[in-house]
Amino acid sequence: MKFYSIAIDGPAGAGKSTLSKLLAKELGFMYVDTGAIYRTVGYYINLMGIGSKDTDGVRRLIDEVNIDIYIDENNVQRMVLNGQDVTDEIRTPEMSKYASDVSAMAFVRSFLLDMQRDLAKKNNVIMDGRDIGTVVLPEADLKIFLTASAEERARRRFEEYAAKGEKTTFEQVLADINQRDFNDSNRKAAPLKKAADAIEVDTTGETLEQSEKRIIELVREKLAI
């Protein structure tokens, strides 16, 4: 049986998760949010009192991390860490920083690589992240590089945090976005970059509905599904 894989890469706040979820629901695919996987690793490291850049500490604890993923009745990816659902706990600005820092560690990426590829072998998947099309699924049937201006991405992320009651400012979120962009693009292990055969989609100034329609049309055209 042929399974299709769609890789959606792009910088923080580009709308990868939101659009990937909508696309997965439309197509009946499994959505895999790889950023949530790194946030879950970061959550455990933080829980154990280890700093996000403490490479030796992370290396010492990485084998204790047991992650399970399941899709609930609302088509939401649930993250289970060592038997505990931590889906909500990992969605904070602090865990975003932890995810950025631990994802820069080559041994962490290697630790998670087989798990991500195995999901694509057994399911029709839409997988988003920073290096899906370049490293995780280099043979993906369709690769999309989703982007938007830093200001646009910061606005979206700020509104997301505000809706959850997280206390921050637009200026701080923009600074975090710019720092995340720098970290992701300049790390030695699988830096963020557009795959040579990826199609770039810039959603600056678009509504969610406009972006969703454009990407669904793109998928239908390229994969004939």
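Charged residues number 19 in the lining of the largest pocket of this predicted model, alongside 15 polar and 13 nonpolar ones. Several helices contribute two or more residues each to the lining, namely α1 (16-27), α2 (34-47), α4 (93-102), α7 (150-163) and α9 (208-223), and they are joined by the strands β2 (30-33), β4 (77-81) and β6 (125-129). Helix α7 gives the most, with six residues.

A visit to the second largest pocket comes next. Its volume is about 300 Å³, and 16 residues make up its lining, with S96, K97, D176, Q179 and R180 closest to the centre. Two or more lining residues come from each of α4, α7 and α8 (170-186). By residue class, the lining of this second pocket holds seven charged, five nonpolar and four polar residues.

D9 is buried but forms no salt bridge, and the nearest side chain of opposite charge, that of R130, is 7.3 Å away. The side chain of D9 does meet backbone nitrogens: that of D131 is reached at 3.2 Å, while the backbone nitrogen of I132 lies 2.8 Å from a polar atom of the D9 side chain.

Notes: Residues are numbered from 1 along each chain as its sequence is written. This is a predicted model: local features need pLDDT of at least 70, side-chain atom pairs count only at pLDDT 80 or more; totals for chains, interfaces and linings use all residues. Side-chain values use heavy atoms; hydrogens and water are left out. Helices (H or I, at least four residues) and strands (E, at least two) are DSSP runs, numbered from the N terminus. Ala, Val, Leu, Ile, Met, Phe, Trp, Tyr, Cys and Pro count as nonpolar, Asp, Glu, Lys and Arg as charged, and the others, Gly among them, as polar. On a 1 Å grid over the protein atoms alone, a cavity is a set of points where a 1.4 Å probe fits but cannot get out, and a pocket is an open set with protein on both sides within 12 Å along at least five of seven lines; lining residues have an atom within 4 Å of a point. Grid points are joined across faces, edges and corners, and a volume is the space filled by probe spheres set on the points. Buried means under 20% relative accessible area, exposed over 50%, partly exposed in between (1.4 Å probe, protein chains only). Lys and Arg count as positive and Asp and Glu as negative; His and the chain ends are not counted. A salt bridge is a side-chain nitrogen of Lys or Arg within 4 Å of a carboxyl oxygen of Asp or Glu. A polar contact is a pair of N or O atoms within 3.5 Å; within protein, one must be able to donate a hydrogen and the other to accept it, and residues adjacent in sequence count only if both atoms are side-chain atoms.
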